[in-house]
Amino acid sequence: MLMDFAGDDAVFGHFGATGGYALAARRAMHEFNTGPQTWKHIAVAQRAWANLNPHAMMHGKPMSFGDYLSSKYVVEPLRLPDNCLVNDGGRAVIITTLERARDLRHRPAVILGLGQHNPSVQVTQSGTLTGSTGARKACETALSMAGVTRDDVDACQIYDCFTYTVELTLQDYGFFGPGEGESWFSEGTIGPGGRMPVNTSGGQLSEAYYMGLTPLSEATMQIMGRCKDRQLGPATQTKEPSIILVSDNGGILQAHSCCVLGRI
Amino acid sequence: MAYNKPLPRVNGDNQEFWEGCRNHELKFQQCASCGHIRFPASLVCPKCLCSDFQSIVSTGTGKVYTYAVYHVAFHQGFLEDLPYVVAVVELQEGPRLLTNIVGCSPEEVSCEMPVTVAWENVTPDISLPMFKPLI
């Protein structure tokens, strides 16, 4: 689906994930207030986080709103910095029992809740390109299992294949209503020093693309307190994280999983 | 010059659709039980699971549901077309098709814009249903 050059989509010059998300993002621009003026806040805030992370591919490459708005389109309305990075590398998260984890050197991050919802309709026939995607139900399930509410969430690590995915996921999670994202993001909300930090490693847009492990490993390390210059808490003028919401997303908004990580 | 873009893979499921296209007809399956017109073709109706159907021919008119403008060619065959428009068109009869919008500049395309089919004969066996603004 994403990489198939011989499928019937390729007949019309439609390839890869950028094209699919561009179709979704364009429809969203028709249905509610969104577009580059919303997405620039996501791209720029995540780049600011990446500049606190020496492992990030985009470390040392600051980006302004002007840089974002003057960058080239890949598949319009998505520009190059709306797209995740392409890289090699690896990530691992070790999962064990809480009993064993208590004896380890590092304070563990605890899986408090999980949720999944997969609408799984192909893009052309989908009625959910602009929400609600599987994110809404997946998040409700995960929060309910964890016994917490959205108000308890200190930070989010959101699967960010594209900037629009971050907006739509947070919108479906209920942080703001459709079209309210521009205003919600514009207060520096998700960047260093913000009241709801998002994708604190730089994310897939500005750190590196490790599929769902970019957000999951970052959430784990933030809870464990291993993030140095970008550590949530006094180092970045943000709340110390007790609860972090993590998302993963598959296909063109066709599959969604949500995880609540917390500290003991 | 030989046609240098990908061609559809005709198989048992989509054969009737592409044969219709060769005759410049957009043919869809309509459920014999609930009347739902479906695409892509399938063994049973996704609404009511009935397997009986009849074929209908679309008027070929509809509107742009959404679109994207390619500024990068991911396949050499599309290099000269840049920038080009990929769209999802919703036909009057209901089904949505992935297609191209032709006959206008990318800046003129918008969601909900009325369009009509514009056939592109690319090989003796294959005609592609593209769409152009309905004037």
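A nonpolar core is taken here as a set of buried Ala, Val, Leu, Ile, Met, Phe, Trp, Tyr and Cys residues joined through C-beta atoms within 7 Å. A residue is buried if 20 or more other C-beta atoms lie within 10 Å of its own, exposed if 12 or fewer, and partly exposed in between, with C-beta atoms placed from the backbone. The model is predicted, so local features need pLDDT of at least 70 and side-chain atom pairs count only at pLDDT 80 or more, while totals for chains, interfaces and linings use all residues. Residues are numbered from 1 along each chain as its sequence is written, and chains are lettered from A and ligands numbered from 1 in the order in which they are written.

Chain A contains ten helices and six strands, where helices (H or I, at least four residues) and strands (E, at least two) are DSSP runs numbered from the N terminus. Its radius of gyration is 18 Å, close to the 18 Å given by the globule rule for 264 residues, so chain A is as compact as a globular protein of that length. The radius is taken over C-alpha atoms, and the rule is 2.2 Å times the number of residues to the power 0.38. Along the principal axes, the C-alpha atoms of chain A fill a box of roughly 55 × 35 × 35 Å. Of the 264 residues of chain A, 52% are buried. Among contacts in chain A with a separation of 6 or more, 74% are between residues 24 or more positions apart; two residues are in contact if their C-beta atoms, placed from the backbone, lie within 7 Å.

Chain B has one helix and eight strands, arranged along the sequence as α-β-β-β-β-β-β-β-β. With a radius of gyration of 16 Å, close to the 14 Å that the globule rule gives for 135 residues, chain B is as compact as a globular protein of that length. The C-alpha trace of chain B spans about 45 × 35 × 25 Å along its principal axes. Buried residues make up 31% of the 135 in chain B. Of the contacts in chain B between residues at least 6 apart in sequence, 50% join residues at least 24 apart.

The largest nonpolar core comprises 88 residues, and those with the most contacts inside it are A:Tyr21, A:Ala24, A:Ile244, B:Ala87 and B:Val89. Helix α3 (residues 36-50) of chain A supplies the largest share of this core, eight residues. Domain 1 (9-57) and domain 2 (59-135) of chain B both contribute residues to the core, so it lies between them. In soluble globular proteins, nonpolar side chains tend to be buried together. Apart from neighbours within four places in sequence, B:Ala87 is in contact with B:Val64, B:Thr66, B:Tyr67, B:Thr99, B:Asn100, B:Ile101 and B:Phe131.

Helix α3(A) has 15 residues and reaches 20 Å from its first C-alpha to its last, close to the 21 Å expected at 1.5 Å a residue; the expected span is 1.5 Å times one less than the number of residues. Of the 15 residues of α3(A), 14 are buried. Helix α10 (residues 213-224) of chain A has twelve residues and a first-to-last C-alpha reach of 16 Å, close to the expected 16 Å. Nine of the twelve residues of α10(A) are buried, so this helix is largely enclosed by the rest of the structure. Among the buried residues are A:Pro215, A:Leu216, A:Glu218 and A:Met221. Their cover includes β3 (109-117), β4 (155-157), α9 (203-206), β5 (243-250) and β6 (255-263) of chain A. After α10(A) comes A:Gly225, with a positive phi near 80 degrees.

Between the chains, 26 residues of chain B are in contact with 24 residues of chain A. On the chain B side, the elements giving two or more residues are β4 (61-70), β5 (84-91) and β6 (96-101), and β4(B) gives the largest share, six residues. By class, this side has 18 nonpolar, five polar and three charged residues, where Ala, Val, Leu, Ile, Met, Phe, Trp, Tyr, Cys and Pro count as nonpolar, Asp, Glu, Lys and Arg as charged, and the others, Gly among them, as polar.

Within chain B, the C-alpha centres of domain 1 and domain 2 lie 21 Å apart; domain bounds come from an automatic or database domain assignment. Ten residues of domain 1 are in contact with eleven residues of domain 2.
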